[in-house]
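The sequence and structure are shown first.

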Amino acid sequence: MSPFSRQCWHTPRGAAVSSAGASHRTRWPLGCRWGWLLALLHPFHAALADPPEPDPIRTVQTELEALYRARLPGLANLHDLARGVAALDPQVAESQAAMADFPPWEPFVADGEALWNTPFADGSSYAACFAVPTAAIRPGYPRFDETSGEVVTLDLAINACRVVHGLTPLRHGGEELNALVAFLGHAARGHAIAIPQPASAAAEAALADGRATFFARRGQLELACSDCHVQAVGRVLRDVTLGPAIGVAGRFPVYSLKAGSLASLQARFQGCFRVVRAAPHPLQSRAWRNLEYYLNAVSQGYPITAPGLLR
Ligand code: HEC
């Protein structure tokens, strides 16, 4: 019996209400007496209690935020990590600030806007597929779709809209899709990530899978995402400061100064898999959609700053 069950809270039927010593105590069911000790020892004792149900997004976020607080005790506001490496490396912050007046991603966002506003052959449009104002679209993705039982990223939602209206899907990681997502991210600047709560066991499993990918060691170097982006956050690897993983989902797609083009979050996963010499998954594979879901969940409430700058 759980020590949190009702029988443990109420005087057993027929028991003396006065604290009549031993005879009173023996009436309590066994589970009540030892249960308290077990509950204190059990790290998940809260799960034994009846509601309030833990919020799955808040749970993964709290876990990661605690790790960053321990690593970055000087950082007053964790939301500052939405700036990426610039939050930790003054040199990066300075060079990015110098680009603020003429941001190099501007033409790409303009391309995305033009694509977004081009009506489909059937007279419909992207905007008609999403039933919310443009600025509110990005904050709600990725989300778990109960019908398909899978995570839907913004890229997939855009392509689904195209298919409904008789158009071919855009190439994952391609210029057009990146430009559209960059436009929606830019339109949502100043808004916070606000993905819907997982509402089923399957949705929670997808979130848990993304979390597992983040903490799992892989590749010839046997390094997890967390090894570099949590344990070693702020340290310099070769000539690069290792950025945080929390809050940065809202920076994507980023504009890569080196490549001179936009790069999606999942393209970054590919890059980081290669860094540890692991074979990357295909773009929009289930594993990476779940990872994208997790990285947005831990960033819930953090500001959207897309498109971010990457060296
Ligand atoms: C060996 C260390 C290492 C590991 C392990 C690693 N990364 Fe990275 N990651 C980097 C480096 C270095 C960069 C910066 C790349 C650059 O500046 O070109 C980066 C950049 C990123 C960024 C961009 C951050 C921003 O604000 O622009 C994200 C997101 C990211 N990594 C996620 C991941 C994920 C998810 C994993 C696990 C699949 C992972 N990384 C594993 C080293 C690592």
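## Helices H8 and H9

The axes of helix H8 (residues 154–164) and helix H9 (residues 175–187) come within 10 Å and cross at roughly 110°. Axes here are lines fitted to C-alpha atoms, for helices over the stretch in contact, and angles run from 0 to 180 degrees between N-to-C directions. H8 and H9 are therefore roughly perpendicular to each other; angles of 65 to 115 degrees count as such, those under 35 as roughly parallel, those over 145 as roughly antiparallel and the rest as oblique. On the H8 side the contact is made by Leu154, Asp155 and Ile158, and on the H9 side by Leu177, Leu180, Val181 and Leu184. Two residues are in contact if their C-beta atoms, placed from the backbone, lie within 7 Å. The residues of this contact of H8 with H9 divide into 6 nonpolar, no polar and 1 charged. Ala, Val, Leu, Ile, Met, Phe, Trp, Tyr, Cys and Pro count as nonpolar, Asp, Glu, Lys and Arg as charged, and the others, Gly among them, as polar.

## The model

This is a predicted model, in which local features need pLDDT of at least 70, side-chain atom pairs count only at pLDDT 80 or more, and totals for chains, interfaces and linings use all residues. Residues are numbered from 1 along each chain as its sequence is written.

The protein has 13 helices and 7 strands; helices (H or I, at least four residues) and strands (E, at least two) are DSSP runs, numbered from the N terminus. Of its 311 residues, 32% count as buried. A residue is buried if 20 or more other C-beta atoms lie within 10 Å of its own, exposed if 12 or fewer, and partly exposed in between, with C-beta atoms placed from the backbone. Among contacts in the protein with a separation of 6 or more, 74% join residues 24 or more positions apart.

## Helices H6 and H9

H9 also packs against helix H6 (residues 106–117): their axes come within 7 Å and cross at roughly 95°. H6 and H9 are therefore roughly perpendicular to each other. From H6, Phe108, Val109, Asp111, Gly112, Glu113, Leu115 and Trp116 meet Glu176, Ala179, Leu180, Ala182, Phe183 and His186 of H9. By class, this contact of H6 with H9 has 8 nonpolar, 2 polar and 3 charged residues.

Phe108 is 153 residues from Ser261 in sequence, and the two are 8.1 Å apart in space, C-alpha to C-alpha. Ser261 lies in strand E6 (residues 261–263). Ser261 is partly exposed, with 15 other C-beta atoms within 10 Å.

## Helix H12 and its cover

In H12, Leu265, Gln266, Ala267 and Phe269 are buried. E6 and helix H13 (286–297) are included in what covers the buried residues of H12. H12 and H13 pack at an angle of about 110°, with their axes 10 Å apart. That makes H12 roughly perpendicular to H13. Leu265, Gln266 and Phe269 in H12 meet Trp288, Leu291 and Glu292 in H13, and the contact has 4 nonpolar, 1 polar and 1 charged residues by class. After H12 comes Arg277, with a positive phi near 60°.

## The ligand shell

Of the 25 residues around the ligand, Gly84, Cys225, Cys228, Val248 and Cys272 come nearest; a residue is near a molecule or strand if its C-beta atom, placed from the backbone, lies within 6 Å of it. Helix H11 (225–231) and helix H12 (265–275) each supply at least two residues of the shell. The largest share, 5 residues, comes from H12. By class, the shell divides into 17 nonpolar, 4 polar and 4 charged residues.
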